[in-house]
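Please walk through this structure with me. We will take ring contacts, sheets, surface and backbone in turn.

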Amino acid sequence: MSRWLLLLDDDAMFRALVAPALRTQGFEVVEAAKGREALEKLTEHDFDLLIVDGLLPDTNGIRWIEKIRAEGADAPIVFVSAFYRDLATYKKLKDELKVADVVHKPVEPASFAVRVTQHARRVRKRRERKSSTLELDFAEIEELLEDEGGDAQMDDFVVVPDVDEPASEEKLRESYSDVLPHILDLFLRAVDRARRRPDNASSVEEAIRQSHDIAGTAGSFGYAEIGHCASVVESQLRALQNRDAVDWDGFDRAVAAVRALPIRKKTKIEPPSSLFQPSAPPPVPPSARTSPEITLPRSSQRELPVSALDPADSVFLGPRMAIIDDDPALLEYVEGVLADSLATFVPCSSFAAIETLKGVDVAIIGMPFGSPDRSTDTIAALRSRFPGIPTALLAMEDSLLVRLGAAESGAQLFLSHPLDEQGLARAVLRLDALRPDARRVVVVNAPPVADALASSGLDVVQLNGPESLLSVMKRQQPHVVVLGGGAEAFAKVVRMADGGDQVALLVQTQNNLDADGMLGEPSEWAARIRQHADHVLARRRRAPDPVTGLPSRGELLRALAARLSETRRRAHAFSLAVLEVDDHDGMRTREGSAFTERVTNGVARLLAARLRVEDVRGRWRHGMLVAAFADATATEIATTLQRVQQEVKGLGFQGRKGRVHTTLSIGVASAPEDAESLGDLTLVAEGRLRVAQRGGPGKLVWTG
């Protein structure tokens, strides 16, 4: 017995991509490009499931759902959009409109079909209820269908090959690659017009439409970088439309990135004279086809290799973020957003549940679950289990009084609703940058200060004069420098030195324009030093590594995701290597944190010098490094990595009792053999790193 599904989306290419996958799940798929057309379909069929796009030519998906719910339609709805990504919209869809699922484009057809099928009602249950076909008076709903613009322009087109269904997805991807140069030309012309005439409403609306279509579809066909750039353009144009502040620099960078993409240098494709739909596909001339290197293979669902690490045991994944709130919608929303990052989600829905949390790195506490008073108690309870854990407060209300209360509660970050996906991603990076670590302090001409700070647990280097200060700064890379009596005059010298802008500079006896402040009373010394050191740590973690120049975590994540997407699009291999300095923690205990910094930076410089320009490399945390290789399998890069290991053995670092040598262990995973997503590749590579370390120092594992 057939199940009926309505697919409402104005993008014909998106419908053509996902409809075959939905049909393999046993659905009779009825397609609609506009809200009016879909309403007419509802009067003709009794649907088991509705898939609704967020933006349509004649209305928006949310208003369309409101209308059919008011008319009594109770079929499960899956809301799909590339734009609506904020918590307020998510809660409205889930709580008010009873939407079964919210899916963000781009999607992978097979996994998308499996996901939405889970929400379809069983045939037996459908026969137990009355038909849900609607009786609508279209004269009463003209306002719903006319406020979002007119018909799609004839510049829009799709080319769908006439092939058997099992092969249609691959052929459709190839066809999309064929027409993509023209699609991008239309997009660039539209956004150029909007940029030149931002006061012209029709130009802005057309640019939004072009951007939205590409943002929603390009990623599903394997062009994630193009989709991301289009989404940036769309978000800024919508800010312009809503009279909000516009980041024109970000807009221009995104447009420039699209112009620079190699895909636009392929064979020029002229637009066809008519709009082709899947029911009447034209042949695609061989001469119009682009190089096959830009097609994307079908992904496959499979188990990870046995060497893959359990996410709960991963050091590379992270941070482990606790969300402390009693709102199920917030917890579900955050979990969905973090699914696309390497952060891991730890829900906590009550104050008492804080006692059960394990291995948490950072936390977000929802208000009014913790009103300013309760937030203080919540943060105190959290830090009794996880000392120094970076914490953010998420508030429904944003006012100066609320922010003052948040500051007094001990939180380091304030977030307010509506919390969108980009805001949450930024919060994750900022909180991660605030995670506690060893704080190194150099104290000049102030022995009592050095003794007091050392007794408080800080890593202190005491100097009796400024003569060796610059060489110690270069070797120790301190977070704070304290200048005591007679040394304050050297504040300008410190600031002018290499790395002088990467330290907090405090003076003891007199204020100085080149310093960050006074040391204050003895009772304040340790707390003030820690506060300044934490700020320096956060700045350093967000910026490229000052010694090696390797990217920070946020930049590294973006680079890895972009390179993985690019190689998958071309059906080429991609390999991820996770490298760790052996006995890093032991060396830190014996030699100090400054020494392990020198060792890790030395290995990082060697790694940067030995890899190709197109390879991605970066420092993750402590003694852990990352390298990614485009167009290379694990077997192909094994020799290169073994050579790096041999060179690391030859490095020597001056320790407290002489020269110290180290080794490097490495685990490697490859796409598509081992896994396909960045998160899964990480778990496989890190798991193999642990296997390598169990075999002894300096080992490399890339299979199993």
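What follows is a short tour of selected local features.

This is a predicted model: local features need pLDDT of at least 70, side-chain atom pairs count only at pLDDT 80 or more, and totals for chains, interfaces and linings use all residues. Residues are numbered from 1 along each chain as its sequence is written, and side-chain values use heavy atoms, with hydrogens and water left out.

Start with the rings. A pair of aromatic rings is described by the distance of the centres and the angle of the planes. Here, rings of Phe, Tyr and Trp (its six-membered ring) pair if their centres lie within 6.5 Å; planes under 30 degrees apart count as stacked, over 60 as edge-to-face and the rest as tilted. The structure holds 4 aromatic pairs. One of them joins tryptophan 248 and phenylalanine 251, edge-to-face, at 5.1 Å centre to centre with 75 degrees between the planes. Both residues belong to helix H11 (residues 248-260); they are 3 residues apart, which means a separation of about one helical turn. Helices (H or I, at least four residues) and strands (E, at least two) are DSSP runs, numbered from the N terminus. Tryptophan 248 is partly exposed at 22% relative accessible area, whereas phenylalanine 251 is buried at 1%. Buried means under 20% relative accessible area, exposed over 50%, and partly exposed in between (1.4 Å probe, protein chains only).

Phenylalanine 595 and phenylalanine 653 also pair: their ring centres are 6.5 Å apart and their planes stand at 80 degrees, so this pair is edge-to-face. Phenylalanine 595 lies in helix H22 (residues 593-610) and phenylalanine 653 in strand S19 (residues 653-655), so the pair ties together parts 58 residues apart in sequence. Both are buried.

Charges meet rings too. A charge sits over a ring if NZ of Lys or CZ of Arg is within 6 Å of the ring centre and within 35 degrees of the ring normal. Arginine 3 places its charged end over phenylalanine 27, 4.5 Å from the ring centre. Lysine 105 lies over the face of phenylalanine 14, at 4.2 Å from the ring centre.

Now the sheets. Two strands pair if DSSP finds at least two bridges between them. An open sheet of 5 strands runs in the order S17-S18-S16-S21-S22, with mixed pairing. Strands S17 (616-621) and S22 (700-701) stand at the edges; each has a single partner strand, so one side of each is left without a neighbour in the sheet. Strand S16 (residues 574-581) and strand S18 (residues 624-630) run antiparallel, joined by 7 bridges. Phenylalanine 574 stands opposite alanine 630 in S18.

Elsewhere, strand S13 (residues 480-483) pairs with S14 in the parallel sense over 4 bridges. Valine 481 stands opposite leucine 505 in S14. From strand S14 (residues 504-507), Ala504 and Leu506 point one way and Leu505 and Val507 the other way, and all are buried.

Methionine 321 sits in strand S6 (residues 320-324). Methionine 321 is buried, at 0% relative accessibility. Its C-alpha is 5.0 Å from that of valine 362, 41 residues apart in sequence.

Last, the backbone. Most residues other than glycine have a negative phi, and most peptide bonds are trans. Which bond is cis? A cis peptide bond joins alanine 671 and proline 672, with omega about 5 degrees. Proline 672 lies in the loop between strand S21 (664-671) and helix H24 (678-694). Lysine 98, not a glycine, has a positive phi of about 55 degrees. Lysine 98 is exposed, at 56% relative accessibility.
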